[in-house]
Amino acid sequence: MKIIVSLFLMSLSLYAMSFNDIKIQAAAEKKLILVELVMESCSYCEKMEKFVLSKEDVKSIITKNYMLLKLDIRKDEIPEFLTSRITPTFYIVTPDNVILHEMIGAPSKSEFIALLERFGATKWKSFSTYS
């Protein structure tokens with residue numbers, strides 16, 4: 001029971017963390033940031049959660065290479081440089097605020113995995129190189 005409660009609290013912390021908190025943690029762990037912009041009652045956001053993001057192989061890739069941050073465009077503070085307000089939108093960002101990729105919409109699981117692997121496979125030695 002303690003494990004379930006701990007996992008639940010950890011998942012809540014993703015929503016409670018700010019973009020700046022995630023940047024610090026991502027830089028320390030040498031990971032990229034995967035920002036997911038969502039909105040309540042967004043059918044494509046729900047589709048992504050159900051058919052893509054909840055799948056173990058996708059979760060594994062994200063955990064290994066990224067810090068995931070979900071932001072609700074109506075409730076959360078969105079960093080100014082993330083300009084899309086279409087949901088879902090996914091950004092792959094360095095801890096230096098460099099957008100490496102922006103994906104608007106709900107790709108298939110295979111398309112999303114290919115995107116994650118394309119950027120996640122690269123060893124980012126110095127994030128400032130890309131700014």
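Me: Which residue does Lys-31 meet in a salt bridge?
Reply: First, this is a predicted model: local features need pLDDT of at least 70, side-chain atom pairs count only at pLDDT 80 or more, and totals for chains, interfaces and linings use all residues. Residues are numbered from 1 along each chain as its sequence is written, and side-chain values use heavy atoms, with hydrogens and water left out. A salt bridge here is a side-chain nitrogen of Lys or Arg within 4 Å of a carboxyl oxygen of Asp or Glu. At 3.4 Å from N to O, the partner of Lys-31 is Glu-29.

Me: Is Lys-31 buried or exposed?
Reply: The cut-offs are under 20% relative accessible area for buried, over 50% for exposed and in between for partly exposed (1.4 Å probe, protein chains only). Glu-29, at 37%, is partly exposed. Lys-31 has a relative accessible area of 14%, so Lys-31 is buried.

Me: Where does Glu-49, the salt-bridge partner of Lys-70, lie?
Reply: The closest N and O atoms of Lys-70 and Glu-49 are 2.5 Å apart. They sit 21 residues apart in the chain, with Lys-70 in strand β2. Helices (H or I, at least four residues) and strands (E, at least two) are DSSP runs, numbered from the N terminus. By that naming, Glu-49 lies in helix α3 (residues 43–53).

Me: At what angle do the ring planes of Phe-19 and Phe-81 meet?
Reply: Rings of Phe, Tyr and Trp (its six-membered ring) pair if their centres lie within 6.5 Å; planes under 30 degrees apart are stacked, over 60 edge-to-face, and the rest tilted. The search turns up two aromatic pairs. Phe-19 and Phe-81 have ring centres 5.7 Å apart and are edge-to-face because their planes stand at 65°.

Me: How many residues apart in sequence are the parts tied together by Phe-19 and Phe-81?
Reply: Phe-19 is buried at 8% relative accessible area, while Phe-81 is partly exposed at 25%. One belongs to helix α2 (residues 19–29) and the other to the loop between β2 (66–72) and β3 (89–93), so the separation in sequence is 62 residues.

Me: Which residue in β2 is the bridge partner of Leu-37?
Reply: Strand β2 also holds Leu-69, which is buried at 0% relative accessibility. The β2 partner of Leu-37, though, is Leu-71.

Me: Over which residues is the pLDDT below 50?
Reply: pLDDT is the predictor's confidence in each residue, from 0 to 100. The protein chain averages 86, with 79% of the residues scoring at least 70. Where pLDDT is low, the predicted coordinates should not be read in detail. That applies to the stretch below 50, residues 2–15.

Notes: Contact means heavy atoms within 4.5 Å. Two strands pair if DSSP finds at least two bridges between them.
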